[in-house]
Amino acid sequence: MSISFASFQIAPSTGAAVIALLSFVALALGEVPGLKLNRAAIAMIGAGAVLVFGVLTLQQAERMIDLSTLILLFSMMVINAVLELSGFFTWVGEVVIEQANAPTTLLALVVVAAGVLSMLFLNDPVCVMLTPLVCGVVLRLRRDPLPYLIALACASNVGSVATITGNPQNILIGASSGIGYLYWLARLGPVAAVGMGIVFAVVWLLYPREFRAGQLPAAPTMTAPHHQGAAMTLAQAEATIYASTLRKSLIVIALMLVAFLVGVNVTVASFIAACAILVGRRFESARILSLVDWPLLVMFAGLFVVTGALEVTGVSAQLFELAKPLAFASTASLALVTAILSNLISNVPAVLLFRPLVPQFADPTQAWLTLAAASALAGNLTLIGSVANLIVAEQAGKFGIKLTFMAYLKPGSIITALTLIAAVLLLG
């Protein structure tokens with residue numbers, strides 16, 4: 001049973017707009033004052049309001065939920081969970097540590113590791129696993145941890161641009177656009193590669209005292225540094241590497257990537273890979289599934305309903321007319337609007353707002369790619385611009401390292417501006 005907006009003499013389009021606005025503001029804040037709600041709960045309540053006030057029927061709401069996107073996102077989370085448990089990220093961290101012989105080399109390896117891993121897997125889990133490793137190394141070497149942590153966060157955002165599976169909004173765009181994995185990689189891979197170079201250069205230039213030093217000491221063993229709060233996090237860094245499980249997982253992932261490249265549907269290929277990777281004797285499936293980010297899936301489902309209400313009631317069409325003069329003017333203007341909107345309401349809601357509008361562009365494929373690049377790169381603007389940034393700051397705090405908003409702002413804003421310009425030039 002629903003309460004129609006007609007009872008209050010309010011048009012459904014107005015109701016949909018009000019519900020969406022309140023939901024997006026709460027999502028941007030990350031909370032509702034006086035209430036203990038996370039972003040998943042906020043999106044869920046927004047979807048509930050759409051139903052309660054009769055903006056959409058239950059059947060319409062069901063049709064708004066993009067199951068393909070949710071399955072792809074879930075599948076990548078399962079794959080990441082098995083990689084985490086099998087010690088893959090620990091192994092990568094150890095390789096980075098062994099190869100680093102100077103501060104500049106260590107910075108380059110952090111950027112490459114974070115960027116490349118985020119191309120292949122979701123960037124948020126990459127930051128969860130690499131941050132403790134980076135913190136442990138730089139503290140033991142008595143280096144300034146901030147430039148390496150900023151590089152890690154920014155490189156993970158930039159690297160995620162390259163593929164459909166790099167971040168949640170790319171998964172959404174890939175499922176909505178029908179763009180092939182290989183075509184996406186060919187167009188946005190160069191954007192990510194140039195962006196990673198920009199991250200390295202900006203951080204290197206802004207921290208001259210850190211990167212004008214000579215050789216580093218011998219690669220440290222992964223023992224707990226004498227730093228308050230480090231012990232619990234370092235336990236993650238010392239996770240056991242299960243070689244047989246890791247080999248099997250990497251074979252499955254390699255086959256999945258081959259399937260992507262030869263044109264198999266990305267959702268189908270990733271779901272089959274997730275099913276295959278679950279079959280094993282080392283880890284309980286319940287343990288693997290407990291590492292899935294269920295709140296993120298709930299948030300997506302709720303936002304599908306909230307933004308679907310905007311589409312059904314005609315609000316999206318009105319937004320299209322308002323955005324047309326600026327967003328449709330050029331690739332640069334679309335990138336700018338996307339970047340601003342992504343920082344105002346977060347990148348996933350921004351992409352969902354654009355989703356019904358993009359097919360009306362003269363070149364929808366170009367618009368989809370611009371939307372993907374700008375929404376991800378915009379996350380580097382501030383410390384709260386992306387979940388990856390917040391993960392790095394939160395994990396670093398466990399080591400007693402304070403990555404503050406202001407410390408991040410200067411390199412983050414410069415990196416955002418330069419990478420957006422590079423993206424516009426490369427996408428043409």
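This briefing covers the pockets, the cavities and a nonpolar surface patch of the structure above. The model is predicted, so local features need pLDDT of at least 70 and side-chain atom pairs count only at pLDDT 80 or more, while totals for chains, interfaces and linings use all residues. Residues are numbered from 1 along each chain as its sequence is written, and side-chain values use heavy atoms, with hydrogens and water left out.

**Pockets**

- The largest pocket has a volume of about 1300 Å³; a pocket is an open set of points on a 1 Å grid over the protein atoms alone, with protein on both sides within 12 Å along at least five of seven lines.
- A volume is the space filled by probe spheres set on the points, which are joined across faces, edges and corners.
- The lining of the largest pocket comprises 48 residues, and D124, D293, V387, A388 and I391 lie nearest its centre; lining residues have an atom within 4 Å of a point.
- Helix α21 (residues 387–397) gives the largest share of this lining, 6 residues; helices are DSSP runs (H or I) of at least four residues, numbered from the N terminus.
- By class, the lining of the largest pocket holds 26 nonpolar, 16 polar and 6 charged residues; Ala, Val, Leu, Ile, Met, Phe, Trp, Tyr, Cys and Pro count as nonpolar, Asp, Glu, Lys and Arg as charged, and the others, Gly among them, as polar.
- The second largest pocket contains about 410 Å³ of space, and of its 18 lining residues, F24, L319, L341, I345 and L353 are the closest to its centre.
- The lining of the second largest pocket has 18 nonpolar, no polar and no charged residues, with at least two residues from each of α1 (12–29), α17 (315–327), α18 (331–345) and α19 (347–354).

**Cavities**

- The structure holds 3 cavities of 30 Å³ or more; a cavity is a set of grid points where a 1.4 Å probe fits but cannot get out.
- The lining of the largest cavity divides into 13 nonpolar residues, 1 polar and no charged.

**Surface**

- L182, V258, L261, V262, V264, V268 and I272 make a nonpolar surface patch of about 600 Å².
- Helices α13 (243–261) and α14 (266–278) are the elements that give two or more residues to the nonpolar patch.
- I272 is found in helix α14 and counts as exposed because its relative accessibility is 53%; exposed means over 50% relative accessible area with a 1.4 Å probe, protein chains only.

Definitions and conventions: Patch = residues over 30% accessible without salt bridge, like charges linked within 9 Å, V, L, I, M, F, W, Y side chains within 5 Å. Areas by Shrake-Rupley, 256 points an atom, 1.4 Å probe, with all protein chains shown as cover. Salt bridge = Lys/Arg side-chain N within 4 Å of Asp/Glu carboxyl O. Buried < 20%, exposed > 50% of the residue type's maximum accessible area, 1.4 Å probe, protein only.
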